[in-house]
Amino acid sequence: MKEMDDILKSVFHDKPIAQEPLQGMRMRIMDQILAAPVDFREKRLAMQRRKWGIIFLSAFFVLSLSLFLINWFLGSWLGGGLNTLVLWLTANIPILAWFQDRWVWLFDTLTILSNLKLGYQFLWQQYGLAVMGILFSWVLFEGIRDNKLKRKVFNGNS
């Protein structure tokens with residue numbers, strides 16, 4: 001046991017480092033730091049932009065998905081309900097009866113919007129999730145790619 005303690009003491013015995021190599025290493029480190037200083041304000045702004053970009057894309061994705069689901073499941077019901085409401089308002093309130101003929105543009109607009117809804121559903125089914133996934137991944141991994149391109153490898157020998 002005493003032999004093992006002696007071996008360990010000899011292995012882990014701290015020896016002073018010579019000052020010349022230590023000073024040279026310090027100078028090389030300071031040269032590297034001064035050659036490529038780190039702009040922490042820029043890094044903080046990049047992190048904030050990335051965070052808000054992820055929040056924006058997530059909210060946009062959830063909003064798009066929810067609007068798609070509302071259109072898909074409740075589109076005909078909501079359109080019919082709006083038509084019924086407009087007809088009821090114009091038919092049962094005497095002062096609005098004068099506007100009844102003026103509502104034709106609203107029904108034409110609803111017809112156009114129903115056609116747009118069909119086009120939107122088709123485009124969403126074909127490309128929506130792929131585009132949102134690509135955008136989400138791009139914002140998420142843009143910072144990682146930036147850091148890997150800007151990072152300089154520390155080499156004690158140079």
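Guide: Welcome! The protein averages a pLDDT of 77, and 77% of the residues score at least 70; pLDDT is the predictor's confidence in each residue, from 0 to 100. This is a predicted model, in which local features need pLDDT of at least 70, side-chain atom pairs count only at pLDDT 80 or more, and totals for chains, interfaces and linings use all residues. Residues are numbered from 1 along each chain as its sequence is written, and side-chain values use heavy atoms, leaving out hydrogens and water.

Visitor: Where is confidence lowest, and where is it highest?

Guide: Helix 1 (residues 2-11) is lowest, at a mean of 75, and helix 2 (residues 19-35) is highest, at 85.

Visitor: What makes a stretch count as a helix or a strand?

Guide: Both are DSSP runs numbered from the N terminus: helices are H or I with at least four residues, strands are E with at least two.

Visitor: Why is Q121 called buried?

Guide: Buried means under 20% relative accessible area, exposed means over 50%, and partly exposed lies in between (1.4 Å probe, protein chains only). Q121 has a relative accessible area of 9%, so Q121 is buried. This residue lies in helix 4 (residues 104-150). Of the 158 residues of the protein, 10% count as buried.

Visitor: Which residues is Q121 in contact with, leaving aside its neighbours within four places in sequence?

Guide: They are F68, N71 and W72; contact means heavy atoms within 4.5 Å.

Visitor: Why do L65 and L69 count as partly exposed?

Guide: L65 has 31% relative accessibility, so L65 counts as partly exposed. L69, at 38%, therefore counts as partly exposed too. L65 sits in helix 3 (residues 40-92), and L69 is in helix 3 as well.

Visitor: What makes two rings a pair?

Guide: Rings of Phe, Tyr and Trp (its six-membered ring) pair if their centres lie within 6.5 Å; planes under 30 degrees apart are stacked, over 60 edge-to-face, and the rest tilted. The structure holds four aromatic pairs, and ring pairs link F68, W72, Y120 and W124 into a cluster.
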